[in-house]
Amino acid sequence: MAEYKYDTVVVGGGVAGLTATAYLARAGQKVLLIEKNMECGGLVNTFSRDGFYFDAGVRALLDAGIIFTMLKDLNIGLEVVKSPVSLGIENEVLNIKDINSLEEYRDLLKKFYPGSDSDIDEVIRIIRKIIKHMDVLYGIENPVFKDLKRDPGFIFKKILPWFPKFIFTVRKINRMNTPVEEYLKTIVKDPSLRDMISQHFFRNTPSFFALSYFSLYLDYFYPRGGVGKLAEALKDKLLESGGELKTETKITGIFPAEHFVKDGQNNRYKYKNLIWAADLKTLYKTVETGTLLPEIRKKIEETKATMFGNRGGDSVFTLFLEVDERLESFRKIAHGHFFYTPSRQGLGETHREELNYLLTNFSKVRKEEILTWMDKFTSLNTYEISIPGLKDPGLVPPGKTGVIISLLAEYDLFKQIQEAGWLDEFITELEDRILKVISDSVYPMLKDKIIAHFSFTPLTIENRTGSSEGGITGWAFRESMPVINKIQIADRSVLTPIPSVYQAGQWVYSPAGVPMSILTGKLAADKVLKNK
Ligand SMILES: Cc1cc2nc3c(=O)[nH]c(=O)nc-3n(C[C@H](O)[C@H](O)[C@H](O)COP(=O)(O)OP(=O)(O)OC[C@H]3O[C@@H](n4cnc5c(N)ncnc54)[C@H](O)[C@@H]3O)c2cc1C
């Protein structure tokens, strides 16, 4: 057993923990980042297999006024390219170019749902309005990453004129918190059309967030070498600034009264401040409160109960393909980031009510019933398809293509099937169906050209990053959230009731994703520095 001493210990080497550590190291702190895996990055990760590079988590990045501002502030050069998006239904594909593509999206929907012209016009009108709000929200470099003392011009020329618009926009946005499924019911009568617009979003996604996606499609970018390059660049920066990194080390105990954490080998890491940048249920499971004052213990127990009363949001099933076919064949069909729905029918109740029935009656349902459900689930769903080589041809062996196909998936289904002992069979059945659906529709050249394939389930995500219920962007959307969900008070999201412990990442703010994880990493580092 060894004992180490630090100003700050950061647990979790995803983008949140990397950001916090990079900033604390830059400020001259003696700081240690502890990551349980061999590699940092968490859900921002690129790996290679047989010469093909695949993104295991997020497929492309959105700036949101945060990522580029942070990179500039930390003086990190990251080579990026645009990551254009395509939307497809059955045999029609729309390659999104700019904001005018919204008109083409309207025409595409009208073609498939000719009886819903006025409903479609209304949806497009609302999306257009939201795009204007997004321009305000993300329209300036996020001030959290600016040194306002050194750059007073930024306050007078940028923040002051922007701030009233920001407050107005936030009020508007907060009024659009209704789950998108419910919201669309008030505008669109045809349930299939509603599915087409919303079925690739997480259950109960706030309508503002869901309907803002068209504007986000225009902003996706991709680091050369894969999204994991962002995590690598942050890691290099924190090391260059004197921060320390310990990988393959899992924190198994937090002792706030004594100011140390311990790992699986019983090594102790003493801290003045701790930033927890990983799953929050794990934080509250790991913290030892025995010697704290009773009123602090009570607060911690209350927060723990709120966390455990909630669950991680939707997870994802991902199929990775190594294909013996040139990139050009795929380029002719769609961009390298593609949301594709093979049938205009829409999932209807397949995903939610029918799945719910299967899960609540799991011990009684036959395997065949689950496989029949799976037939519908795979043929009516919306897929996110990513082809890294179309964004950076260096990511595939010459003449070949790597394809990543994913769909939202329910953690509990995989968990119950694993417990029933037929997970491998279930995965094979799911992979076969996805391959059949995609090669019978949009990519016929996949037939007979697949060199190798493998997949990740929600259980893989849980095992790899420790995410509760395999959640890929933090908490499930519910009426009452266990964390802050208002942008104007985002700085409070990093506070915990545990003395000298701050939190960061996708579990501390909702809705989350890469930009909010980075932002909360910086906010947590700021609190630590202020605390000093
Ligand atoms: C398929 C997919 C698609 C996505 N699409 C988007 C998108 O389009 N836009 C978007 O913004 N976001 C998207 N996301 C979400 C985004 O990637 C995450 O929200 C973000 O990367 C979370 O970063 P984080 O640092 O908070 O957490 P994580 O990346 O989960 O990092 C937590 C780290 O903590 C480590 N850890 C956990 N427990 C311990 C412990 N006890 N000791 C030591 N280390 C520990 C883990 O190994 C992990 O490395 C997507 C994610 C996935 C998987």
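A residue is called buried if 20 or more other C-beta atoms lie within 10 Å of its own, exposed if 12 or fewer do, and partly exposed in between, with C-beta atoms placed from the backbone. Keep that definition at hand for the tour.

This is a predicted model, in which local features need pLDDT of at least 70 and side-chain atom pairs count only at pLDDT 80 or more, while totals for chains, interfaces and linings use all residues. Residues are numbered from 1 along each chain as its sequence is written.

**Stop 1: the domains**

Start by colouring the chain by domain; the bounds come from an automatic or database domain assignment. Domain 1 takes in 3-59, 227-310 and 477-531, domain 2 covers 98-216, and domain 3 covers 314-465. Now look at domain 1 and domain 3 together: their C-alpha centres lie 31 Å apart. Between them, 11 residues of domain 1 are in contact with 15 residues of domain 3, where contact means that the C-beta atoms of two residues, placed from the backbone, lie within 7 Å. On the domain 1 side of this meeting place you will find 5 nonpolar, 3 polar and 3 charged residues. Here Ala, Val, Leu, Ile, Met, Phe, Trp, Tyr, Cys and Pro count as nonpolar, Asp, Glu, Lys and Arg as charged, and the others, Gly among them, as polar.

**Stop 2: the ligand**

Next, select the ligand and the residues around it. Of the 38 residues around the ligand, Gly12, Gly14, Gly42, Gly505 and Gly513 come nearest. By class, this shell holds 16 nonpolar, 17 polar and 5 charged residues. Domain 1 and domain 3 both give residues to the shell, so the ligand lies between them. Helix H1 (15-26) and helix H20 (514-531) each supply at least two residues of the shell. These names follow DSSP runs numbered from the N terminus, with helices (H or I) of at least four residues and strands (E) of at least two.

**Stop 3**

The expected span of a helix is 1.5 Å times one less than its number of residues. For the 18 residues of H20 that gives 26 Å, and its end C-alpha atoms are 26 Å apart, which agrees. Of these 18 residues, 13 are buried, so H20 is largely enclosed by the rest of the structure.

Now select Pro511, in the loop between strand S20 (501-503) and H20. The peptide bond from Ser510 to Pro511 is cis, with omega near 0 degrees. Then step back to Ser500, in the loop between helix H19 (458-465) and S20. Its phi is near 60 degrees, a positive value in a residue other than glycine. Ser500 counts as partly exposed, with 14 C-beta neighbours inside 10 Å.

**Stop 4: strand S16 and its partners**

Select residues 337-341, which form strand S16; 4 of its 5 residues are buried. Two strands pair if DSSP finds at least two bridges between them. Strand S7 (residues 85-89) runs parallel to S16, joined by 5 bridges. S16 also pairs with strand S17 (residues 383-386), in the antiparallel sense and over 4 bridges. Click on Phe339: Leu87 stands opposite this residue, and Phe339 also stands opposite Glu384 in S17.

**Stop 5: a hairpin and Ile251**

Move to strand S11 (residues 251-255) and strand S12 (residues 260-263), which run antiparallel and are joined by 4 bridges. The hairpin has 4 residues between the strands, and His259 takes a positive phi near 60 degrees. Highlight Ile251, whose bridge partner in S12 is Asp263. Ile251 is buried, with 22 other C-beta atoms within 10 Å. Leaving aside neighbours within four places in sequence, Ile251 is in contact with Val11, Ile34, Val261, Asp263 and Thr286.

**Stop 6: Val316**

Finish at Val316 in strand S15 (residues 315-323). Is Val316 buried or partly exposed? With 21 C-beta neighbours inside 10 Å, Val316 counts as buried. Beyond its neighbours within four places in sequence, Val316 is in contact with Ser406, Leu408, Ala409, Pro458 and Ile472.

Definitions and conventions: A residue is near a molecule or strand if its C-beta atom, placed from the backbone, lies within 6 Å of it.
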